[in-house]
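Me: I would like to go through this model with you. Please take a look at it first.
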Amino acid sequence: MDLTYSAEDRRYREATRRWLAEHCPVPEPVTLEERRAWHRQLYQAGFVGMGWPREYGGQGATPLQQAVVADEMARIDAPPPINPLGISIVGPTLIVHGTEAQKQRYLRKILAADEIWCQLYSEPNAGSDLAAVRTRAERHGDHFVVDGQKVWTSYAQFAAFGILLARTDPAAPAHRGISCLLLDMRSPGITIRPLRQLTGSAEFSETFFDHVVVPRENLIGPENEGWKVATTTLAHERGTAFSFKEQVLHRIYADELGELLRARGRASDPTLRQRYAARVIDVEIMRLHNCRTMTRLARGELPGAESSIVKLFWADLTQELTALALDALGADAQLGGRWQQRMLWSRCASIAGGTNEIQRNIIAQRVLGLPRG
């Protein structure tokens, strides 16, 4: 694994940095249309769907170039693209499992943010245990009829389409009777209820389905084999959707935390110094994990079960960094501020993309080869 940058890579980084310095919007876009306009600037510059095949609107960029853009955007806290689930999860899944008609119909619209996407996997009683989904999709001739409920649906209130896991064969073993469908979120019978979070925002929603009709042509992969499709989706979510950006953000947080310790006169506290040093080391370990992921992608391989290591690692790291910051603040931690906001958001990091408990099971069974308990 080569951890150095070539001269060409360095030139690419410099060009990316210049473009962002010239075009990054100030103030940050707020409305949906403002964010969509910024997204389209990024797309036209070649910074959206970079690794996708050119025939579907991508750039055919190397994994390292993708990481460079993620690095540079995080470094200046540039607003992200508006269609993260479509770009990082749905698109890669369609490229692997979709029909040619599905690729032609959806992929370019995902890249241009013409159609925003959400992910309809988690359920109230089957959050990270996707084999336990109870939402039903009964086939009636040339269409399915969907009934059930999903929860923690990011961007549901904005989405034109969603990628849905539903049970199509209730008599089959848990992992086999599931199918993956593309769902038009404007279909009759869909109800969306925003969920207010600790942070005060409503990024997630509950989504209810009451006899929602889905054309059979919207089936991704073979019927009752949606588990294979979901495995591809989750590998991208855990291994590539978050990790490159989070690596740089956590490096920035670690630098800010060091400044906070010095400003508060806590840098000489032996306990806080040890905890801070451990977090700085963790940020570097995360970078090396991402280098391994880039190596796999550069070889044309999909992210494997090792992606659960990355997801688990950064979920724990973000909580440990914010906890240390609040300890450094002392009594002032009870007041509002950016570290308090980060701490509140960090609690959902152990749930997003599959709970920490599920990640540990995957690592134990599929990476370490340990027997089931």
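Me: How many bridges join strand 4 to strand 5?
Reply: Seven bridges join strand 4 to strand 5 (residues 178-184), and the two run antiparallel. Strands here are DSSP runs of E with at least two residues, numbered from the N terminus, and two strands pair if DSSP finds at least two bridges between them. This is a predicted model, in which local features need pLDDT of at least 70, side-chain atom pairs count only at pLDDT 80 or more, and totals for chains, interfaces and linings use all residues. Residues are numbered from 1 along each chain as its sequence is written, and side-chain values use heavy atoms, leaving out hydrogens and water.

Me: Which residue stands opposite I163?
Reply: L182 in strand 5 stands opposite I163.

Me: And strand 1, parallel or antiparallel to strand 4?
Reply: Strand 1 (residues 117-120) runs parallel to strand 4, and four bridges join them. In this pairing, W117 stands opposite F161 of strand 4.

Me: Is strand 4 mostly covered or open?
Reply: Strand 4 (residues 161-167) is mostly covered, with seven of its seven residues buried, that is, under 20% relative accessible area with a 1.4 Å probe, protein chains only.

Me: Which way do its side chains point?
Reply: F161, I163, L165 and R167 point one way from strand 4, while G162, L164 and A166 point the other way. All of them, R167 included, are buried.

How values were computed:
Buried means under 20% relative accessible area, exposed over 50%, partly exposed in between (1.4 Å probe, protein chains only).
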